[in-house]
Amino acid sequence: MLVLLPLLPLVAALVSLIPAKPVFARVATLVAALAALAIALWTAQQVGMSGNVTPLRQWIGADALSALLILLQAVLAVTAALYSWGYIAREAEGDETRERRYYFDLNLFVTSLFLVPILLQPALTWVAVELTTLLSVFLVSFNRTAEGLEAAWKYAILTIMGATVAVLGILLLLHALQGVSPGAPETWASLTGTAARMSPDLLRLAFVLVLVGFGTKVGLFPLHTWLPDAHSQAPSPVCALLSGVEVSTVLYVILRLMPVWNVIPHFPVHDWLIAFGLMSVGAAAFLLLQVHDFKRMLAYSTVEHMGIIVTAIGFGQAGSYAGLYQIVTHGLAKSLAFYAAGAVLLIYRTRNIADVRGLLRTSPFSGAALLAAALAIAGVPPFAVFLSEFSIFRSGLLAGYGWIVALLALFIAIAFIGVMLQVGRMVFGEAPAEQTHRRLPASVVGAISLSLLPVLVLGLYTPPLLHRLLTLASLAVSR
Amino acid sequence: MQISLVYGLNALSAALFLMTVFLFLASRQTAASLSLFVRQALLLSASALLQAYALHSLDLLLVAVITIVAKAFIIPWMLRRSLGASFQSRREVELAVSVPTSLMIAIGASLVAYFVSQPLAERMPSFVAVNLPVGLAGLLISVYALAVRREALPQFLSLLMLDNAAFFAGIAIATTSALWEIVAALEGIVVTIIVVLLTRTISERIGTTHVSRLSGLREEGSR
């Protein structure tokens, strides 16, 4: 079953190439995403019961960490497919070839996302991470504006650069593996099983290369500069996937190697993570105060949240559970936020915050959705992000990182003020006199409503399966 | 061939490899930069061939052949065919930092790479002891070269040099995992196709491949 996961969107991509009405591409994308969600749920169930699923030994498999990510990817793939139905039809303005091309690119991108957590060999996972960039470059430049092309260029060059730096780290780890266990299969399991016997000097260099390399694609400060551009210029459903799940998919690789980093003697791995995490949260918090484009605002919020997650992982075992929970809650909340921002863009045709006023009057649905999404990403109760951020604070305090937690709370508070000030200006007040209400496509309304549900529910209730996956995954990360 | 001669030839190819990185940093013409990339790819293949001979590794032989085909022929051919005008231009590439300063920084980066890899190299086979510091130095210098170049094509060539540097160290480190090195070499072709398409679209839409003129996405610019 798990083998089918990346094949489903691949088939949908091929269907999208058929020169027929775009509705075929829309239906194929949605059906493939729904089937992928069914497989993701099945995988989660199996992993919850037996710990892992391995259909192709040494090649394809999933444990709790993979299952958690697959589930998030599949949920977002469904909502993005649904949202794209009406949104892209309007953006493509009747250009059927362009619309079909969008679905082709989108499905290939989703295929590459699914590949990352299910491949059992680090080297092949690296290839899959590289594919996530290559297959999404043309989605970022979909609108073919000067800004879109600039964003796509920065995205391609900087993230490929990061991946090339990271590859040397991965190679060093494989070399160390062959040194201590000649002929061992080059899998994640072999690496974690033999890490304690590897040369600490070699592991230290590999850690720095992997953190800096993949950290570039995660959007960690100071290599985050491409992220606000790419995550704001792409069409909104693509932004939802990029911010909601692509960055977490790359972070997965760093997390997957945590048991390897944890055994390096006399090396402050956790301090490195906390330092990078805090710098990212701090930089994003202050940038959120001066941003003028509401999609860039959401992108900076992604930098902030990645920083929060990396800091949480730096807190150790208790922080790992909370950090992983934050990956889920952030992914869901951020996709909702980008869907709401896309609705605003359809109505106002501008991304400039100063030009959007009285949204609640112009379009009560979009206004309410944007306000709810902003409250959710800012971590206000009863939304799910509040629960995960609260757990992070608690784990930090329990692990004895009082000052770090205080600083983290301060930065989160500044980010909260930044987001709420900007969104407040947009949703309240009088709408511009010339602004007319444009009816939103039904699929856009449907996707936003669907996305709001888990953001609310997970703030009040954690399903037992999710709790089980989080527990198992946090143990895998902090081993 | 004696094994000591193989080690000596590998050390020579490493020295020449590092020299191409320095020459690339000093080069101000796109055509010359591309020809340096080709020479560097040949040196990378030479190192892989020597190691394949010394270690009797069919995998490394395959890596050497694929590297020559992909990096010395296909990628330069695609770049020249698609973006020929940019290579024929005699105009000098704009750099953010002067060449002498850049060379001084590159020397510093080489020393850092040497001292970082020294503790590792002492305990590793001779090929790693040579290829790792040179690859690491190439990696650092190529990242710097990418940062100071202001046009799309020279930036992309820096990225290709970065790839070569990572693999120069990689072929000595991971001698048993040729499968993915082959995939990675082929992936270089995919990267080139995508970047060529993107560069052409930028050129058509904006009329320049001068990426420093693409500066609409700044906080002060988006007011």
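In this predicted model, helix α15 (residues 317-348) of chain A packs against helix α18 (residues 384-398) of chain A at an angle of about 160 degrees, their axes lying 8 Å apart. Angles over 145 degrees count as roughly antiparallel, and α15(A) and α18(A) are therefore roughly antiparallel to each other. The briefing also covers the contact between chains A and B and a hairpin in chain A.

**Helix pair α15(A) and α18(A)**

- The crossing in which α15(A) passes α18(A) is left-handed.
- On the α15(A) side, the contact residues include A:Ala318, A:Gly319, A:Ala322, A:Gly323 and A:Tyr325.
- These residues and others of α15(A) meet a set in α18(A), among them A:Ala384, A:Val385, A:Ser388, A:Glu389 and A:Ile392.
- Sorted by class, the contact of α15(A) with α18(A) comprises nine nonpolar, nine polar and one charged residues.

**Contact between chain A and chain B**

- Chain A places 39 residues in contact with 39 residues of chain B.
- At least two residues of the side of chain A that touches chain B come from each of α5 (122-134), α7 (146-180) and α9 (200-218) of chain A.
- The most is given by α7(A), with 20 residues.
- By class, this side of chain A has 23 nonpolar, seven polar and nine charged residues.

- Strand β1 (residues 52-56) and strand β2 (residues 60-63), both of chain A, pair in the antiparallel sense over three bridges.
- Opposite A:Ile60 in β2(A) stands A:Leu56.
- Three residues lie between the two strands of the hairpin, and A:Gln58 in the turn has a positive phi of about 70 degrees.

How values were computed:
Residues are numbered from 1 along each chain as its sequence is written. Chains are lettered from A and ligands numbered from 1 in the order in which they are written. This is a predicted model: local features need pLDDT of at least 70, side-chain atom pairs count only at pLDDT 80 or more; totals for chains, interfaces and linings use all residues. Axes are lines fitted to C-alpha atoms, for helices over the stretch in contact, and angles run from 0 to 180 degrees between N-to-C directions. Helices (H or I, at least four residues) and strands (E, at least two) are DSSP runs, numbered from the N terminus. Angles under 35 degrees count as roughly parallel, over 145 as roughly antiparallel, 65 to 115 as roughly perpendicular and the rest as oblique. A crossing is left-handed if the near helix is turned anticlockwise from the far one by less than a right angle, and right-handed if clockwise. Two residues are in contact if their C-beta atoms, placed from the backbone, lie within 7 Å. Ala, Val, Leu, Ile, Met, Phe, Trp, Tyr, Cys and Pro count as nonpolar, Asp, Glu, Lys and Arg as charged, and the others, Gly among them, as polar. Two strands pair if DSSP finds at least two bridges between them.
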